[in-house]
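Welcome! Let's take a look at a structure together, one piece at a time.

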Amino acid sequence: MNIGWKEIKKNKSRFLILGSIVFLVSLLTMIISGLANGLSQDNAALIKDLPDGHFYMSEDAEETYNLSRIDTDVQNEIMNKHPDAVALSIQMGFLNDQDDKQQSVAFVTSTNSDLFEQVNKGEVIVDRSLKEKGIKTGDRLTNNQLRDELVIKGFVDQKKFSHAPVAYINMEDYKKMYNVEQMQIVFIPGEDSSESFTGLQSYSNKDFLSTIPSYNAEQMSLTMIVSFLIVISGMLFAIFFYMMNIQKIGLYGILKAIGIKTSRLFKMIWTQMFFITIIALTLSISLSHLFNLIAPKGMPFHLTIETTTQLSIIFLVVGFIGATLSGLQIRKIEPLRAIQQGED
Amino acid sequence: MTIFTLDEVEKIFTNGEIEENILKGISLSLKEGEITALVGTSGSGKSTLLTIAAGLQPASNGEVLFDGNNLTTMSAEQVRKIRAKEFGFVFQFAHLVPFLTVEEQLMLMLEVSGSTLSKKEQKNEVDQILDVIGMKHRKNAYPSSLSGGEKQRVAVARAIIHKPKVLFADEPTASLDSKRSKDMMELIRDLTKKMNITTLMVTHDEEMLSYVDRILQMSDGLVLESQ
Ligand SMILES: Nc1ncnc2c1ncn2[C@@H]1O[C@H](COP(=O)(O)OP(=O)(O)O)[C@@H](O)[C@H]1O
Ligand SMILES: [Mg+2]
């Protein structure tokens with residue numbers, strides 16, 4: 001006989017309350033995770049989409065890509081040694097559209113590589129989000145640091161840097177606009193360990209991401225909120241089952257007196273915890289993925305099945321720990337307590 | 001035939017610095033199928049003695065022997081198995097499981113005792129005993145909808161449905177009025193006699209003593225045979 005299930009059936013409202021709270025907390029957690037993920041995509045999709053590898057910036061740049069200048073000789077040395085390496089530069093800037101409206105973009109230029117869009121002089125490929133701002137293929141855009149116009153060649157999906165759409169431009173145009181000869185960054189894809197080159201410092205993908213201003217601050221606060229919510233949900237389970245167990249000490253005593261194993265009482269709590277959590281999670285997963293579909297375009301919300309699966313497993317584990325901790329008091333209950341206690 | 005023996009059982013409770021010797025060397029034997037009443041003033045140690053005999057708490061000294069087993073030296077798990085299979089319990093209050101129906105309470109007890117009967121046979125057993133205690137029509141009721149007397153009858157049914165060898169009852173009629181107490185004693189007597197169950201019962205109700213075979217008087221931590 002599944003006594004855990006029988007109890008849920010008899011005391012529906014009690015378990016419904018716990019279930020609703022778990023549902024709300026897990027939904028909130030998933031929404032915030034979606035937001036964290038969305039924001040990080042919005043902030044750094046350009047970098048996040050790259051394969052694992054190593055970034056190099058000049059040592060004197062002090063982790064600021066903007067200040068980094070790669071010595072041309074060193075760059076050539078690297079490129080000779082690693083044909084798949086790419087040198088690139090990123091600069092925040094503006095493009096003026098045909099109505100002279102300013103669009104803030106992240107200009108990106110690179111040496112020949114599959115990892116970055118290659119464009120001819122006088123052309124530009126931009127992130128699709130600019131299309132919604134009314135920019136079309138063939139439009140002629142201007143930049144106040146460049147005499148010639150840039151023609152829109154096409155659009156790419158989800159290429160953002162520092163919350164701005166990426167604009168891929170030719171290296172010659174870039175050099176003219178910013179009046180520099182050197183590139184800022186060299187990226188060598190591959191799992192190999194980092195190499196040392198004179199005057200350069202190496203960064204893993206993750207380390208490089210955290211040099212982007214605001215990226216770390218954003219992700220840390222959101223991760224913090226998510227962890228708090230997970231801890232809170234664990235405490236909810238512990239407290240809820242603890243309160244229920246306190247009320248049932250007499251009952252547990254009787255059940256032990258008639259010969260029920262303590263392990264069976266634990267199984268009863270676990271059954272209840274898993275039942276409630278799985279229903280609550282099913283609901284919050286469906287709702288948060290629904291939100292993923294209908295979230296307003298401007299809201300950076302990005303939730304993957306992978307993230308929700310991970311969160312669900314964490315919730316189940318945390319719920320299990322919470323319920324088990326609250327159950328530890330059951331082990332201590334002496335069957336005879338029940339006999340000395342009055343009517344329940 | 002003796003089925004149950006206490007030999008020089010002592011129980012000492014320590015409350016801080018104070019040691020209280022509640023049971024001071026109690027020896028007694030229960031004969032198979034007999035109902036033995038344990039009487040005495042409140043606080044004389046009746047419940048303590050009963051729970052030690054039933055394996056619900058250990059004795060400080062002495063031995064508890066049941067059917068060739070020494071409960072004093074067994075592991076907690078072995079004692080639990082004996083409690084589940086061979087003992088039945090009725091307490092002052094029914095202590096039914098609030099979220100199980102009358103039928104489910106009894107099915108659970110059969111399951112806990114390790115019954116080898118099929119589900120269908122178990123249900124038949126339950127029906128039979130509910131018929132005997134006159135509760136068949138309330139089989140799907142939850143405890144909260146039963147009267148005190150009805151609950152206590154279900155508690156008696158739960159205590160004996162698995163055909164235990166010994167029934168332990170601690171003031172089973174204390175929560176009932178005089179008429180219902182007598183009905184309850186008749187029920188316990190009928191059932192235990194029919195099923196050859198040995199009974200040890202604590203009571204301080206003089207009226208109930210006419211239903212028992214033997215009376216033991218507790219006083220000052222010792223047991224005296226009365227009459
Ligand atoms: N766990 C315990 N710890 C300390 N003292 C106890 C404990 N259980 C019972 N006592 C004491 O033992 C005495 C006998 O209790 P009990 O067996 O319940 O008596 P009765 O059932 O005859 O009224 C009482 O004075 C009681 O306070
Ligand atoms: Mg008592």
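## Two helices side by side

This is a predicted model. In chain A, helix H6 (residues 215-247) packs against helix H9 (residues 305-332) of chain A, with their axes 8 Å apart and an angle of about 30° between them.

As for handedness, H6(A) and H9(A) make a right-handed crossing.

Now let's turn to chain B. The shell around ligand 1 includes B:Phe13 and B:Ile22, together with a run from B:Thr41 through B:Ser42, B:Gly43, B:Ser44, B:Gly45, B:Lys46 and B:Ser47 to B:Thr48.

Which helix gives the largest share of the shell around ligand 1? That is helix H1 (residues 46-53) of chain B, with three residues.

## Contacts with the ligand

Some of these neighbours reach oxygen atoms of ligand 1 with polar atoms of their own. The side chain of B:Thr48 has an N or O atom 2.5 Å from an oxygen atom of ligand 1. From the backbone, B:Lys46 places an N or O atom 2.8 Å from an oxygen atom of the ligand, and a polar backbone atom of B:Ser44 is 3.3 Å from an oxygen atom of ligand 1.

How much of ligand 1 does the protein cover? On its own, ligand 1 has 570 Å² of accessible area, and the protein covers 66% of that.

Note on methods:
Residues numbered from 1 in each chain as written. Chains lettered and ligands numbered in written order. Predicted model: local features only at pLDDT ≥ 70, side-chain atom pairs only at ≥ 80, totals over all residues. Heavy atoms only, no water. Near = heavy atom within 4 Å. Polar contact = N/O pair within 3.5 Å; in protein donor to acceptor, adjacent residues only side chain to side chain. Areas by Shrake-Rupley, 256 points an atom, 1.4 Å probe, with all protein chains shown as cover. Helix = DSSP H or I, 4+ residues; strand = E, 2+ residues; numbered from the N terminus. Axes fitted to C-alpha atoms, helices over the stretch in contact; angles between N-to-C directions. Left-handed = near helix turned anticlockwise from the far one by under 90°.
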